[in-house]
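The exercises below ask for a reading of one structure, each followed by a worked solution. Try each task before reading its solution.

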Amino acid sequence: MTDPRPLPLPDSEELDALGVTGDHRTIYNFLYERRELPPTMKEIRKHVRERKASLGDSIDPEGDGEAAQLDRRKRDLHKKFDIRVVKLGDGQSRHKLFGWADRTNPNAHVINRRVRFEVLQSGRCNKCGRTAEHDGVKLVVDHVIPQAWNGSNDISNLQPLCEDCNSGKKDYYGQFDRFAEEIRDAINYDEPHRRIAMLLLAFQGEWVPSELLAAVASAKQYQEDWQKRMRELRYFGWDIKSKREGTRGERVRVFYRAASTTSLPSTSLAEITRRIEGERASAKKASRTS
Ligand SMILES: [Zn+2]
């Protein structure tokens, strides 16, 4: 799915043609030059400030407004380029320019007919369970992880929804578009525990639909039991609440939210989980045999 074209060079005409100018240009150039050692957000801000100062532009070095504006500028670049959060040895979040965003590929949004057919084959809405045949609903192909949050066109990320459920979902998720960058970042973590945790964090204590959690948990490798991965976060001091919604005859929907969180260690969460569970199992065994 990745667009194989080489990236535009800093200050190239290609960037002009893409409309990457001003602060956007400064940030792009910096990310391009620092592909091997991607910068932190703090370094990006510092670089832009210095660049502006060298051009004699007025700057407000400590201004919160300016920081927020720069974050937005960087987010704008996500529309054209694939910029991911990576962590090096020091555990800091760094922003790495990987390539073109799939969305700049004009064919990226097209779901081919075979896939569409396969997704819609059940003839039933995945949310309310109504069918085209008996209820006369029109089914559409929905992205479980929305495309705006870097959800892919892979069949594992597609589901049939009726038009009502699809527009209801758009309204619900629309509220969280302000966390879009955090959600995109959550999806990029290598460990399923961390993807789940970061998604819950991105929603800032609001209810997250279980199907979104399931999709994000499986975003890099299929998770047979993502609920267990989520429950295991309690070993790290997390408290996750759930609620069920749905009237009789409708499908019950489950939501989760993080009631309290801790900062997670940067080492393998799966390994720590295995160790804790191993210790508990042997403690249990010891108490039985004594
Ligand atoms: Zn429906």
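**Exercise 1.** Is Lys-228 buried, partly exposed or exposed?

Solution. The model is predicted: local features need pLDDT of at least 70, side-chain atom pairs count only at pLDDT 80 or more, and totals for chains, interfaces and linings use all residues. Residues are numbered from 1 along each chain as its sequence is written, and side-chain values use heavy atoms, with hydrogens and water left out.

Step 1. Take the classes: buried is under 20% relative accessible area, exposed is over 50%, and partly exposed lies in between (1.4 Å probe, protein chains only).

Step 2. Lys-228 has 26% relative accessibility, so this residue counts as partly exposed.

Step 3. Look for its charged partner. Lys-228 forms a salt bridge with Glu-277, with 3.3 Å between the closest N and O atoms. A salt bridge here is a side-chain nitrogen of Lys or Arg within 4 Å of a carboxyl oxygen of Asp or Glu.

Step 4. Helices (H or I, at least four residues) and strands (E, at least two) are DSSP runs, numbered from the N terminus.

Step 5. Glu-277, at a relative accessible area of 29%, is partly exposed because this value falls between the two cut-offs.

**Exercise 2.** Which residues are linked with Arg-94 in a network of salt bridges?

Solution. 

Step 1. Arg-94 forms a salt bridge with Asp-90, the closest N and O atoms being 2.7 Å apart.

Step 2. The network joins Arg-34, Glu-43, Asp-90 and Arg-94.

Step 3. Compare the burial classes of the pair. Arg-94 counts as buried at 8% relative accessibility, whereas Asp-90 counts as partly exposed at 45%.

Step 4. Another salt bridge joins Glu-232 and Arg-229, at 3.1 Å from N to O. Glu-232 has 4% relative accessibility and therefore counts as buried.

Step 5. The count of salt bridges comes to 24.

**Exercise 3.** Which residues coordinate the zinc ion, and what is the geometry of the site?

Solution. 

Step 1. List the donors, which are N, O and S atoms within 2.8 Å of the metal (3.2 Å for Na, K and Ca); water is not among the atoms, so sites may look incomplete. The SG atoms of Cys-125, Cys-128, Cys-162 and Cys-165 coordinate the zinc ion at 2.3 Å.

Step 2. Check the angles. Four donors count as tetrahedral if all angles lie between 85 and 135 degrees. Angles among the four donor atoms of the zinc ion run from 101 to 116°, and the site is tetrahedral. The ideal angle for four tetrahedral donors is 109.5 degrees.

Step 3. Read the spacing of the zinc donors along the chain: C-x2-C-x33-C-x2-C. Cys-125, in the loop between α5 (113–120) and α6 (132–135), and Cys-165, in helix α7 (residues 163–174), are 40 residues apart and link distant parts of the chain.

Step 4. Both Cys-125 and Cys-165 are buried.

**Exercise 4.** Which residues touch the most other members of the largest nonpolar core, and which elements supply this core?

Solution. 

Step 1. A nonpolar core is a set of buried Ala, Val, Leu, Ile, Met, Phe, Trp, Tyr and Cys residues joined through side-chain atoms within 4.5 Å.

Step 2. The largest such core has 38 residues, and Trp-149, Ile-183, Leu-199, Leu-200, Leu-212 and Leu-213 touch the most other members.

Step 3. At least two residues of this core come from each of α8 (180–187), α9 (192–202), α10 (210–217), α11, β7 (253–260) and α12. The most come from α9, with six residues.

Step 4. Domain 2 (111–174) and domain 3 (176–290) each give at least three residues to this core; domain bounds come from an automatic or database domain assignment.

Step 5. A second, separate core has 17 residues, including Ile-27, Tyr-32, Leu-70 and Leu-77.

**Exercise 5.** Where is Gln-204, and is this residue buried or exposed?

Solution. 

Step 1. Gln-204 sits in the loop between α9 and β5 (208–209).

Step 2. With a relative accessible area of 53%, Gln-204 is exposed.

Step 3. The C-alpha atoms of Gln-204 and Ala-258 are separated by 7.8 Å, although the residues are 54 apart along the chain.

Conventions
Tetrahedral: all angles 85-135°; square planar, octahedral: opposite > 155°, others 65-115°.
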